[in-house]
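Subject: Handover of a structure and findings

Dear colleague,

Please find the structure handed over to you below.

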Amino acid sequence: MKFKSLLLHFILILMSVSGARAQAWEVGLGAGAAGYMGDLNPDNPLKITGMSAGVFAKLNFNSHWALGLHYNYGRISGDDSQSSNADFKDRNLKFYTPLNEVSAQVDFNFFDYFSGGGRKNFTPYIYAGLGGVIFNPRIKINGETRDLRLYKTEGQSTPYRNYAISIPYGAGVKYNFNSNWSFFSQLGYRTAYTDYLDDVSGAYKYPVQGDDYMHIFLADPSGHRPPGSQRGDSRKRDTYMFLQIGISYTFLSEKCFTF
């Protein structure tokens with residue numbers, strides 16, 4: 001909660017000083033890849049498992065600072081059968097999930113960048129923010145899609161929430177190539193305040209909620225894990241990643257070049 005309070009205060013400070021600075025609205029879109037780190041991929045932060053796409057609207061307060069509202073869609077997955085780890089192969093869990101994310105992000109440009117009234121047409125930048133993500137881990141069996149959270153695979157009394165707070169952070173580069181138009185490329189991670197992006201968090205627990213074959217199979221595809229043994233890793237939050245390239249258009253005015 002302290003992070004959210006600090007971010008809110010920082011945004012208010014930026015907005016309070018923006019009246020005395022050049023301002024320029026910017027809209028853009030991007031597309032690329034998505035990945036995740038969690039119980040089915042604990043140690044490879046660059047593993048790509050799906051696609052991503054997004055749009056944004058951004059206010060450039062000056063040549064260094066900007067505040068944007070972003071929407072990103074992605075798809076991530078994991079499959080123990082493809083792992084090189086023998087224990088993971090035996091565990092044999094798998095999932096995929098769509099991700100729908102909305103966030104507010106603050107950009108910091110390292111150079112005196114053009115879109116906010118500066119003189120450089122290129123800059124590296126970093127960003128951080130606060131958002132929320134909706135997810136729904138699924139599996140396809142015999143051509144039929146099943147929502148894993150509804151099967152309560154770790155013995156939950158009720159399904160876990162399919163939404164969570166997310167903390168986006170990352171870095172990229174921007175290049176202004178034709179007055180109003182710019183290219184960008186960025187890599188960003190999101191810490192999700194949930195351990196269930198992949199439907200895996202705690203320990204094996206029996207009996208599961210439901211005694212039919214499908215409930216039992218989805219809880220333990222290996223068929224022999226003992227109750228109480230660890231189903232996932234010890235980390236309590238999953239992370240997902242978007243790698244994108246895109247294009248943006250900045251609505252420049254004369255004021256953008258007068259400070």
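This is a predicted model: local features need pLDDT of at least 70, side-chain atom pairs count only at pLDDT 80 or more; totals for chains, interfaces and linings use all residues.

Cavities

The structure contains two cavities of 30 Å³ or more. The largest cavity has a volume of about 150 Å³. Its lining consists of 21 residues, and those nearest its centre are Phe56, Lys58, His70, Phe184 and Gln186. Two or more lining residues come from each of β1 (24–37), β2, β3 (65–79), β4 (94–109), β9 and β10. Strand β9 gives the largest share, five residues. By class, this lining has seven nonpolar, nine polar and five charged residues.

The second largest cavity has a volume of about 30 Å³. Gly35, Tyr36, Met37, Pro45, Lys47, Tyr189, Thr239, Tyr240 and Met241 line it. Here β1 and β10 are the elements that give two or more residues. The classes in this lining are six nonpolar, two polar and one charged.

Largest pocket

The largest pocket has a volume of about 150 Å³. It is lined by 13 residues, of which Leu40, Asn41, Asp43, Ser83 and Phe88 are the closest to its centre. Three of the lining residues are nonpolar, six are polar and four are charged. Phe88 also has a charge over its ring: the charged end of Arg91 sits 4.4 Å from the ring centre.

Aromatic pairs and a further charge over a ring

There are 11 aromatic pairs in the structure. Phe56 and Phe184, both named above for the largest cavity, form one of them; with ring centres 5.8 Å apart and planes at 65°, the pair is edge-to-face. This pair joins distant parts of the chain, since Phe56 lies in strand β2 (residues 50–60) and Phe184 in strand β9 (residues 181–192), 128 residues apart. Both Phe56 and Phe184 are buried.

Trp181 and Tyr249 form another edge-to-face pair, with centres 4.9 Å apart and planes at 70°. Trp181 belongs to strand β9 and Tyr249 to strand β10 (residues 239–251), and the two are 68 residues apart. Trp181 is partly exposed, because its relative accessible area is 35%. Tyr249 is likewise partly exposed, at 26%.

Trp65, Phe108 and Phe110 make up one aromatic cluster. Finally, the charged end of Arg149 sits over the ring of Tyr160, 6.0 Å from its centre.

With kind regards

Terms used
Residues are numbered from 1 along each chain as its sequence is written. Side-chain values use heavy atoms; hydrogens and water are left out. On a 1 Å grid over the protein atoms alone, a cavity is a set of points where a 1.4 Å probe fits but cannot get out, and a pocket is an open set with protein on both sides within 12 Å along at least five of seven lines; lining residues have an atom within 4 Å of a point. Grid points are joined across faces, edges and corners, and a volume is the space filled by probe spheres set on the points. Ala, Val, Leu, Ile, Met, Phe, Trp, Tyr, Cys and Pro count as nonpolar, Asp, Glu, Lys and Arg as charged, and the others, Gly among them, as polar. Rings of Phe, Tyr and Trp (its six-membered ring) pair if their centres lie within 6.5 Å; planes under 30 degrees apart count as stacked, over 60 as edge-to-face and the rest as tilted. Helices (H or I, at least four residues) and strands (E, at least two) are DSSP runs, numbered from the N terminus. Buried means under 20% relative accessible area, exposed over 50%, partly exposed in between (1.4 Å probe, protein chains only). A charge sits over a ring if NZ of Lys or CZ of Arg is within 6 Å of the ring centre and within 35 degrees of the ring normal.
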